[in-house]
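Dear colleague,

Please find below the structure that I am handing over to you. My findings follow directly after it.

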Amino acid sequence: MCWRQCLRGYEPMSSDDPIALKIVVGGGFGVGKTTMIGAVSEIKPLSTEETLTSASSGTGTDRLEGIENKATTTVALDFGRITLQKQNLVLLLFGTPGQQRFWFTWDDLSLGAIGAVVLADTRRLLDCFAAVEYFESRDVPFVVAVNEFDADDAYRYSSEEVREALELRADVPVLLCDARDPASAKHVLVSLVSYAHSVSLRRARERAVHTPPPASPLQHSSDLGATS
Ligand SMILES: Nc1nc2c(ncn2[C@@H]2O[C@H](COP(=O)(O)OP(=O)(O)OP(=O)(O)O)[C@@H](O)[C@H]2O)c(=O)[nH]1
Ligand SMILES: [Mg+2]
């Protein structure tokens, strides 16, 4: 199934229909992006999983520590959808691949997104740094959601520890979540929408302050009068 078909089915028919917003779910390798979209999506998610080979799961960002059972990896994108009835919104969820060799897809996947979830693994927190930098440098509002994998030996970070470790701005929301739990994943998405809205209002106010007022039409007509 092509994701364009999913979008086509949700073009609003009237002004009362939910507004569609694009959201990206990004983050390092194996942090639970595909899991989160699968958990929260109200349609059968589109996924592009391929079997992990030893060559692709070797070192660096592709470490399998803590996710030794992981057998597949996203090679293009994940796509899912969720309706937020209360907010009258439909969120179109685009998951990125985590492996570094597929990062070239991130620009297309992020195009037109109102915001991003940067998913982090509590055991490999700093692996999400590249995603934080990616969205920061493109001025895409994002929240950091720490997927608290259930491993007994996993250290539980507080939100403030995560903020400090990732050098996040004070206003960036940091949430703790379980990517497998639909309610938890939905909470992350609702928080992102709310944060992206507040960022867009702030930016609009800043633009209004910095935009010079248009030339006065009265001034223009008096100029005309002076030449007649
Ligand atoms: N034990 C445990 N396993 C989890 C949890 N969340 C995800 N997993 C597993 O961790 C692995 C990674 O999940 P994925 O959803 O494929 O991660 P991803 O970020 O999409 O991975 P890439 O697309 O390859 O970057 C999978 O094997 C999941 O079953 C969790 O909270 N606890
Ligand atoms: Mg994936």
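**Ligand shell and core**

Sorted by class, the residues in the shell around ligand 1 comprise nine polar, six nonpolar and five charged ones. Please bear in mind that this is a predicted model. In total, 20 residues surround the ligand, and the closest of them are Thr34, Thr35, Thr73, Thr74 and Gly98. Two elements, helix H2 (33-40) and strand E3 (72-84), each give two or more residues to this shell. The greatest contribution is that of H2, which supplies three residues.

As to the overall fold, the protein contains seven helices and seven strands. Along the sequence these are arranged in the pattern α-β-α-β-β-β-α-β-α-β-α-β-α-α. When contacts between residues at least 6 apart in sequence are considered, 75% of them join residues at least 24 apart.

Turning to the interior, 30% of the 228 residues in the protein are buried. The largest nonpolar core has 43 residues, and those touching the most other members are Ile23, Val25, Val117, Val118, Leu119 and Val144.

Beyond its neighbours within four places in sequence, Ile23 is in contact with the run Ala113, Ile114, Gly115, Ala116 and Val117, with Leu91, Leu92 and Leu93, and with Leu189 and Leu192.

With kind regards

Conventions. Residues numbered from 1 in each chain as written. Chains lettered and ligands numbered in written order. Predicted model: local features only at pLDDT ≥ 70, side-chain atom pairs only at ≥ 80, totals over all residues. Helix = DSSP H or I, 4+ residues; strand = E, 2+ residues; numbered from the N terminus. Buried ≥ 20, exposed ≤ 12 C-beta atoms within 10 Å, placed from the backbone. Contact = placed C-beta atoms within 7 Å. Near = placed C-beta within 6 Å. Nonpolar A, V, L, I, M, F, W, Y, C, P; charged D, E, K, R; others polar. Core = buried A, V, L, I, M, F, W, Y, C linked by C-beta atoms within 7 Å.
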